[in-house]
Amino acid sequence: MPQLDEKPYFTATMMASVPYRDMERAADIILTCFPEAPCLPVLTRSVRWLLEGIPCLVMDREKRSIYFDLSTKRENELLEFYDRYEAQDLDYFATTPDTAPFFYYMIKQIVQRRPEGLKWVAFHTAGPVLLGDTLRQADGTPAIYNETLRDVLIKGMNMKARWLEAWIRSDLPDIQIIADLPETTLVTFTSSGGSGSRENIVDAVNLSFAGLNCITWVHCCANIDWSLLLESNVQVINFDAYQHAENVALYAKDIQTFLERGGMLGWGIVPVVKEDLERESLDSLIRRLEHGIVHFVNQGVDEGLLARNSWLLPSCETVLLTPEASDRALRMTRQISAAMKEKYGFGS
């Protein structure tokens, strides 16, 4: 795991999917709340922007479904995919302005406005396990269980992330880039009734980041067997600290080792469920975060090491909130970040 020049020191950032449909409004709130580490927002419920370059897909508009067709009539698509992958043709896997105009707008805004203190720019796509659990084969079974499709999704998401990294770096060459490939459905594979081998999951996570030269990040908001990610090559593990801090703290020995070798944790402390957000205040969330940190420390994690290597976020995407509630969640994340920096003497 490569060491990074910059430590987060409770820097605030966010997940990508938001409820805004106005690109200017989204850019304003993100650059206001997260000037050090803005995220490229996703302003659509469609997943088409993720799938450009992925072969053998059928878009059934009537049933509003997407599935894979691996019949022989689609074989040429599969062959072209592997040819493009072997040629390292990143542009083949580009996300175009037609499917993700918000990416192009946000990068332009970051370049033009250059917020004070800017150090990182984050982007989110999807982890191959998540995408393979979401997309289906023609018979309705998850794509992740098909060996060919699993390989396609690992390679496809890897090339998508590498294209995004290269694009951001070309416009912002002096800024560190964060690549988050969320794996929010890992609980499906790690629960007692789940399926999928441990080795396959860790390999899928590791291979999805192959060739990237940026900060690698995995968000998972469920309560999983955290040793899976702690043993992977990922640099940042982002968990739902609002609900699961005490459970994650049970892996303290592995977390200490992870931090010592350069790993970082993302604390998702601001809830994104409407009822939870409404009943919480800035003070109550700070206390909740501090309580979570105490659990980690009591289990043997070095507090100073933990604080230096901690990020702050909402617990998940704000896309299911109203725009006004999302504004509140993002502003509270920024305020909690400032409070924790002050508490630990990290400055503003």
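## Helices α1 and α15

The axes of helix α1 (residues 23-33) and helix α15 (residues 323-343) come within 9 Å and cross at roughly 20°. Axes here are lines fitted to C-alpha atoms over the stretch in contact, with angles from 0 to 180 degrees between N-to-C directions. So α1 is roughly parallel to α15 (angles under 35 degrees count as roughly parallel).

Arg25, Ile29, Thr32 and Cys33 of α1 meet Pro323, Glu324, Asp327, Leu330, Arg331 and Arg334 of α15 (contact means heavy atoms within 4.5 Å). This contact has 4 nonpolar, 1 polar and 5 charged residues.

## Basis of the model

The model is predicted: local features need pLDDT of at least 70, side-chain atom pairs count only at pLDDT 80 or more, and totals for chains, interfaces and linings use all residues. Residues are numbered from 1 along each chain as its sequence is written, and side-chain values use heavy atoms, leaving out hydrogens and water.

## Helices α3 and α6

The axes of α3 (residues 75-86) and α6 (residues 147-171) come within 11 Å. They cross at roughly 40°, which means α3 is oblique to α6.

On the α3 side, the contact includes Leu78 and Phe81. On the α6 side, Val152 and Met159 are among the residues met. By class, the contact divides into 6 nonpolar, 3 polar and 3 charged residues.

Terms used
Helix = DSSP H or I, 4+ residues; strand = E, 2+ residues; numbered from the N terminus. Parallel < 35°, antiparallel > 145°, perpendicular 65-115°, else oblique. Nonpolar A, V, L, I, M, F, W, Y, C, P; charged D, E, K, R; others polar.
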